[in-house]
4 protein chains.
Amino acid sequence: MGIPFKKSIRCVGLVGKYQSADVAAALPQLAAFLRSYGVRVLIEEGIAPQVDAHGEELASYETMGSEAEVVVVLGGDGTMLYAARRMAEFGVPLAGINQGRLGFMTDIARKDMLTAVGELLTGHFTAEPRLLLNGEIWRDGERLASSLAFNEVVVNKGDLGRMIEMRVEVNGEFVYLLRADGMIVATPTGSTAYALSADGPILHPGIAGIAMVPLCPHTLSNRPISIGADSHIDITLVSTHIGRVHFDGQERFDLLAGDRVRIARSPQAVTLLHPPGYSYYAMLRSKLHWSEPPKH
Amino acid sequence: MGIPFKKSIRCVGLVGKYQSADVAAALPQLAAFLRSYGVRVLIEEGIAPQVDAHGEELASYETMGSEAEVVVVLGGDGTMLYAARRMAEFGVPLAGINQGRLGFMTDIARKDMLTAVGELLTGHFTAEPRLLLNGEIWRDGERLASSLAFNEVVVNKGDLGRMIEMRVEVNGEFVYLLRADGMIVATPTGSTAYALSADGPILHPGIAGIAMVPLCPHTLSNRPISIGADSHIDITLVSTHIGRVHFDGQERFDLLAGDRVRIARSPQAVTLLHPPGYSYYAMLRSKLHWSEPPKH
Amino acid sequence: MGIPFKKSIRCVGLVGKYQSADVAAALPQLAAFLRSYGVRVLIEEGIAPQVDAHGEELASYETMGSEAEVVVVLGGDGTMLYAARRMAEFGVPLAGINQGRLGFMTDIARKDMLTAVGELLTGHFTAEPRLLLNGEIWRDGERLASSLAFNEVVVNKGDLGRMIEMRVEVNGEFVYLLRADGMIVATPTGSTAYALSADGPILHPGIAGIAMVPLCPHTLSNRPISIGADSHIDITLVSTHIGRVHFDGQERFDLLAGDRVRIARSPQAVTLLHPPGYSYYAMLRSKLHWSEPPKH
Amino acid sequence: MGIPFKKSIRCVGLVGKYQSADVAAALPQLAAFLRSYGVRVLIEEGIAPQVDAHGEELASYETMGSEAEVVVVLGGDGTMLYAARRMAEFGVPLAGINQGRLGFMTDIARKDMLTAVGELLTGHFTAEPRLLLNGEIWRDGERLASSLAFNEVVVNKGDLGRMIEMRVEVNGEFVYLLRADGMIVATPTGSTAYALSADGPILHPGIAGIAMVPLCPHTLSNRPISIGADSHIDITLVSTHIGRVHFDGQERFDLLAGDRVRIARSPQAVTLLHPPGYSYYAMLRSKLHWSEPPKH
């Protein structure tokens with residue numbers, strides 16, 4: 001899966017999970033390793049107070065976006081999610097080193113950090129594009145806000161109600177009135193995250209699709225539907241319902257009755273870099289406790 | 001959905017469900033209507049004993065395949081399934097008139113038959129390609145048999161056992177050992193058929209994907225996975241298990257331990273023709289009892 | 001199902017859905033019908049401004065509880081739910097007349113109102129006891145609040161988070177740490193309400209059980225568990241999570257980390273009265289669009 | 001869970017899984033241990049050729065049924081299932097020692113065998129009754145056959161068809177016409193076996209219920225229903241469908257159209273014996289990979 005990533009790497013950005021002693025220890029070590037190969041290292045400035053950043057070059061996400069050829073993320077899937085959203089507009093590819101357990105997106109084990117980054121520098125990684133969603137909130141013909149989602153956009157009930165009613169349209173075509181706790185619109189990347197606990201389908205990242213997964217639908221025959229990635233989805237809160245829209249669980253906006261959320265593939269994409277031997281299915285097996293092949 | 005179907009139509013093949021008085025009555029009526037437009041009509045020969053075929057031109061599927069620009073199917077989804085598989089190698093598009101209730105694939109109501117066929121002749125239909133699967137059975141390095149599936153290929157337990165063990169690979173990569181009643185590999189068309197009762201995902205026909213849906217998997221975290229349509233899937237019966245492979249529920253072969261079923265997109269496709277106003281989502285709403293838009 | 005309800009009826013309480021013209025028209029009609037049989041009628045006082053209550057005797061729930069042998073509810077399942085919770089402490093049985101579509105609990109059609117109430121007076125109804133849950137909120141060893149649930153107690157995430165972590169115990173025995181959007185604890189009555197959209201099991205009212213149904217559980221092998229009705233369940237919010245507890249979607253309390261919700265069968269029960277010919281399965285078929293028996 | 005099992009034990013039957021070297025080695029060891037406590041030991045005669053039975057007293061299931069106070073099963077859940085069905089008519093309680101991984105019913109670890117059996121002899125086990133189902137096959141007013149099920153009775157499609165149509169009744173009341181691959185009727189014990197892979201509900205053994213779980217139902221709103229354990233269920237194959245009925249996956253009968261399978265609680269029950277510290281929920285956690293409580 002993926003195509004060889006052979007780009008010459010002169011500058012690497014490092015992003016680390018905050019409040020983690022392990023990450024705080026690993027960052028300078030990784031920085032030194034990279035410099036020993038003549039690579040310039042930018043450390044995301046927000047983590048500076050937590051690491052021994054003496055002699056390190058600190059940088060904003062924007063600077064990393066314009067200077068680095070690669071960003072390496074140390075942490076878990078949450079850290080990767082945040083970094084991927086921040087880097088999306090710059091098109092810089094990301095590689096993820098998991099702090100503890102293997103993640104869906106942070107697929108380099110902590111113990112293999114230096115070996116793997118060496119392989120990255122010598123052109124042995126592969127690059128895999130992942131689609132991003134863009135969500136816009138419309139009220140009375142005006143666009144109030146918009147944001148990106150790497151995993152999913154969720155429209156759900158607000159504080160008070162127990163069920164909201166949504167008019168769902170795809171490419172301008174009416175799909176249904178959905179009475180439910182909410183609706184998850186997920187990328188293939190997000191199909192193994194929140195959408196999966198709501199019984200959504202797993203979509204391989206190589207599929208150009210978007211999954212629409214209802215949350216506790218009132219009509220029992222409502223099922224998740226996956227549609228082509230070039231579709232746009234409109235979700236409109238009907239009658240007196242209020243709700244909320246969430247982007248990757250990291251940003252949210254309150255919705256009023258009549259508000260419409262338009263979701264479509266973003267022109268931007270995220271590129272994930274994988275080490276040699278990476279296997280999507282091996283990652284699924286590990287994360288979902290599926291069977292391994294029998295030993296010989 | 002779909003692109004305008006503007007082909008000039010000089011010859012139409014008619015396929016009807018057997019053992020149906022309603023179809024037997026409708027066929028000659030439709031044939032006469034078509035001839036009144038100067039269109040040559042071929043009636044699938046197998047139904048001849050059941051209709052008043054006096055003066056009609058009977059033909060095999062092969063003849064229809066080489067002579068007709070369009071085949072019109074009268075019946076239900078089962079009749080359409082059979083006809084689509086038979087016509088696949090000829091690339092002749094099909095339109096479906098349902099006999100009773102609206103079908104997933106027979107989307108012209110019986111009462112609209114003549115109006116709709118008039119629209120077909122005057123270029124108001126749209127054409128929608130649907131992918132087909134090809135399944136091959138391999139034993140000891142030899143290909144024993146192969147067949148097409150428009151809905152799904154199912155590998156399941158044979159007569160005796162209650163669970164079979166299958167090694168599943170995608171593009172040569174190991175996915176998992178599946179202990180289950182079986183595995184459904186479905187096209188987007190088939191995603192609303194048998195696979196849906198096994199809790200598979202609905203895939204819009206515009207998505208280039210294939211759904212792998214386990215039947216009663218022993219591991220509770222096993223979930224349906226959808227993969228890109230250009231993947232090939234290998235399902236191998238392991239250890240002492242025997243099983244069976246089914247194509248659209250219309251053809252089947254017995255499998256021995258060690259047999260491998262390879263499933264991939266067929267180079268052939270089926271083209272479905274839809275009348276003006278056709279909506280995939282309206283069809284889903286109707287078939288699955290989803291909500292209609294509120295009346296104004 | 002149920003046992004004959006032969007009690008002599010001298011006083012009936014009437015409860016109607018608010019803001020409904022149909023109910024406002026039906027109430028006086030039903031009151032007059034009852035009086036024509038010499039039955040005293042108490043109309044729930046809250047609805048008085050909306051009906052022509054001239055000459056009617058108005059009463060609080062408490063008065064109805066001490067004076068009436070039966071309460072008749074006109075409205076939908078929501079109205080019945082509210083009335084059942086209010087009447088629980090008095091043990092007065094309830095019969096439900098649905099305003100529009102047949103309800104799970106309001107099983108007398110509006111058009112059959114007078115006939116059915118006639119049958120009620122003449123002893124042709126059956127009585128069916130339904131279990132109620134009692135939920136208590138405990139903080140730092142103190143009981144903060146408690147309430148009843150006829151359908152379900154839900155512990156879920158509050159405003160902010162996307163997932164909460166709960167320690168679940170049954171009869172003091174540890175069950176699991178649940179990371180999920182929440183947990184529904186439902187009665188058999190509630191098993192066809194909210195719990196069903198969360199893929200919970202249907203429990204026939206004749207089963208002495210309680211269903212625990214996780215909402216979007218993070219662990220894919222988490223499944224609903226039904227336990228004996230005499231069990232008590234403790235759900236404790238762990239670590240830094242805050243949440244909320246809901247009783248029948250009609251009352252709610254905010255929860256802090258460490259709060260414990262104890263749920264057990266209430267010593268009180270609700271008695272539902274059913275007209276002759278009532279069938280639980282017919283109600284399920286109707287509400288869930290299941291097949292009817294073939295016509296002869 | 002369960003009540004103390006204080007019966008004085010003078011004779012123990014031993015049942016072992018066939019074709020297992022580990023079991024063959026453990027049996028004589030366990031027999032010697034029991035004899036050292038003055039307990040008479042009967043070894044199930046079918047396993048004799050595989051063990052060093054020199055000096056052992058061999059016995060049929062019937063003899064064990066009349067002589068032994070307890071039967072100890074060495075193997076997996078399949079061995080326990082078989083033994084439980086065979087011992088049902090004699091009412092002898094069973095304890096299970098798992099050979100490899102912990103089982104749902106064989107809850108004594110192999111390494112704890114001698115300690116546990118010591119505890120059994122000294123009255124530290126608990127006894128837990130489990131309900132059994134009885135299934136009868138009726139054709140043209142005649143009872144053709146009947147059998148017991150400890151886990152489940154399954155009515156499913158036979159060799160040929162892909163879906164069967166069944167008329168389902170409970171206590172003589174029509175439930176629905178089910179078009180499906182089949183129907184599982186499970187005990188609480190069986191609710192964690194085959195029924196669970198078909199998305200059935202987990203029923204705690206303390207609940208007096210029976211779960212009806214459809215297999216791949218054609219109607220998407222069909223859901224598992226649990227009913228009181230004193231109900232009887234009739235499943236009739238309608239129209240031209242043929243099928244098959246399975247008892248615990250160990251016995252089966254072919255069904256013709258019109259055949260009726262009547263399922264009800266058996267007057268017999270199985271008593272399982274558990275070692276001190278046994279926990280149903282701990283067993284679920286272990287088998288279903290649920291979370292353990294956090295370590296302190």
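In this predicted model, there is an open sheet of seven strands, which runs in the order β13(C)-β15(D)-β14(D)-β12(D)-β9(D)-β17(D)-β18(D) and whose pairing is mixed. At its edges stand β13 (202-203) of chain C and β18 (251-255) of chain D, and each has a single partner strand, so one side of each is left without a neighbour in the sheet. Within that sheet, β9 (residues 152-157) of chain D pairs with β17 (residues 243-247) of chain D in the antiparallel sense, over five bridges, and there D:Val153 has D:Phe247 as its bridge partner.

Let me turn now to chains A and B. Strand β13(A) is joined by two bridges to β15 (residues 225-228) of chain B, and these two strands run parallel, with A:Ile202 standing opposite B:Ile225.

How much area do chain A and chain B bury between them? The figure is about 3100 Å², with 60% of it on carbon and sulfur atoms, and A:Arg223, A:Tyr281 and A:Trp290 supply 21% of the area that chain A buries against chain B, more than any other three residues. The contact takes 37 residues from chain A and 37 residues from chain B.

As for charged pairs, there are two salt bridges between chain A and chain B, and one of them brings together the side chains of B:Arg223 and A:Asp199, at 3.2 Å from N to O. By class, the side of chain A that touches chain B has 21 nonpolar, ten polar and six charged residues.

Notes. Residues are numbered from 1 along each chain as its sequence is written. Chains are lettered from A and ligands numbered from 1 in the order in which they are written. This is a predicted model: local features need pLDDT of at least 70, side-chain atom pairs count only at pLDDT 80 or more; totals for chains, interfaces and linings use all residues. Side-chain values use heavy atoms; hydrogens and water are left out. Two strands pair if DSSP finds at least two bridges between them. Helices (H or I, at least four residues) and strands (E, at least two) are DSSP runs, numbered from the N terminus. Contact means heavy atoms within 4.5 Å. Buried area is the accessible area (1.4 Å probe) that two parts lose on being put together, summed over both. A salt bridge is a side-chain nitrogen of Lys or Arg within 4 Å of a carboxyl oxygen of Asp or Glu. Ala, Val, Leu, Ile, Met, Phe, Trp, Tyr, Cys and Pro count as nonpolar, Asp, Glu, Lys and Arg as charged, and the others, Gly among them, as polar.
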